[in-house]
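Student: I would like to work through this model with you, one question at a time.

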Amino acid sequence: MRRVTTHDIAREAGVSRTTVSHVLNDQPGINLSPKTKERVLATARKLGYVPNSAAQMLVTGRSRCIGLVFPRPDLLAVDAFIPSMIYGLNEVCRERGYRLVIEATKEPPGDDAYSDLAKSKRVDSLIIINPRKG
C-alpha cells in the first residue's frame with residue numbers, strides 16, 4: 001500500500017500543500033479559518049495519514065523516543081514494581097506523543113554505548129534502571 005502524503009491530503013481537501021503543512025504541524029501565527037483546519041484534519045484522518053517520523057526528525061532534530069534500559073533483565077521477572085512502572089511510563093510517553101523504547105541486556109555494553117544513543121538523537125532521553133545487587 002502506498003503511503004499517504006501531504007500532497008494527497010492537499011488535493012483531496014482542495015488546499016495547498018503549504019496549508020496542509022501548517023495545519024498538520026499546528027504552526028503558530030498562521031491565519032487559517034477553523035473550517036479549513038477541520039477540513040484538512042478530516043481529510044488526513046479519512047485517508048489514513050501517518051506522519052513520517054524520519055522526516056519529522058530531520059526537521060525538529062528530535063526522535064520523540066525515550067529509551068528505557070534494564071542492565072539487569074532478571075529483575076523484570078521478579079520485581080513486581082517494574083511492570084507497573086513500564087506501563088505508567090508508556091502511558092505518559094504516549095499521551096505526550098513519544099514512544100517508549102525498552103532494551104534489556106545481560107551484559108551492558110558500557111555507559112558510553114547508551115549515551116551514544118542519546119547523542120545520536122536515536123532517543124531524546126535515556127533512563128537506565130540499574131538497582132544495586134543484594
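**Cysteines, salt bridges and a pocket**

Tutor: Let us begin with a cysteine: Cys65 has a relative accessibility of 16% and therefore counts as buried. Please keep in mind throughout that this is a predicted model.

Student: How many disulfides does the structure hold?

Tutor: A disulfide needs two cysteine sulfur atoms within 2.5 Å. For Cys65, which is in no disulfide, the nearest cysteine sulfur is that of Cys93, 9.1 Å away. Cys93 is likewise in no disulfide, its nearest cysteine sulfur being that of Cys65, and the number of disulfides in the structure is zero.

Student: Is Cys93 buried or exposed?

Tutor: Buried means a relative accessible area under 20%, whereas exposed means over 50%. Cys93 has a relative accessible area of 10%, so the class that applies to Cys93 is buried.

Student: Which residue forms a salt bridge with Glu12?

Tutor: The structure holds six salt bridges, and in the one formed by Glu12 the closest N and O atoms are 2.6 Å apart. Glu12 lies in helix α1 and its partner in helix α3, so the pair ties together parts that are 34 residues apart in sequence.

Student: What separates Arg94 and Glu91 along helix α6?

Tutor: Arg94 forms a salt bridge with Glu91, and their closest N and O atoms are 2.6 Å apart. Arg94 counts as partly exposed at 48% relative accessibility, whereas Glu91, with a relative accessible area of 19%, is buried. Because the two are three residues apart in helix α6, which spans residues 81-95, their separation is about one helical turn.

Student: Which helix supplies the largest share of the lining of the largest pocket?

Tutor: The largest pocket holds about 790 Å³ of space and is lined by 26 residues, with Asn25, Tyr49, Pro51, Asn52 and Gln56 nearest its centre. Helices α1, α2 and α4 each supply at least two residues of this lining. The largest share amounts to six residues, and it comes from α4.

Student: How many charged residues does the lining of the largest pocket have?

Tutor: Sorted by class, the lining of the largest pocket has nine nonpolar residues and eleven polar ones. The remaining class is the charged one, in which Asp, Glu, Lys and Arg are counted, and for this lining the number of charged residues is six.

How values were computed. Residues numbered from 1 in each chain as written. Predicted model: local features only at pLDDT ≥ 70, side-chain atom pairs only at ≥ 80, totals over all residues. Heavy atoms only, no water. 1 Å grid on protein atoms, 1.4 Å probe; cavity = no way out; pocket = protein on both sides within 12 Å on 5 of 7 lines; lining within 4 Å. Points joined across faces, edges and corners; volume = space filled by probe spheres on them. Helix = DSSP H or I, 4+ residues; strand = E, 2+ residues; numbered from the N terminus. Buried < 20%, exposed > 50% of the residue type's maximum accessible area, 1.4 Å probe, protein only. Salt bridge = Lys/Arg side-chain N within 4 Å of Asp/Glu carboxyl O.
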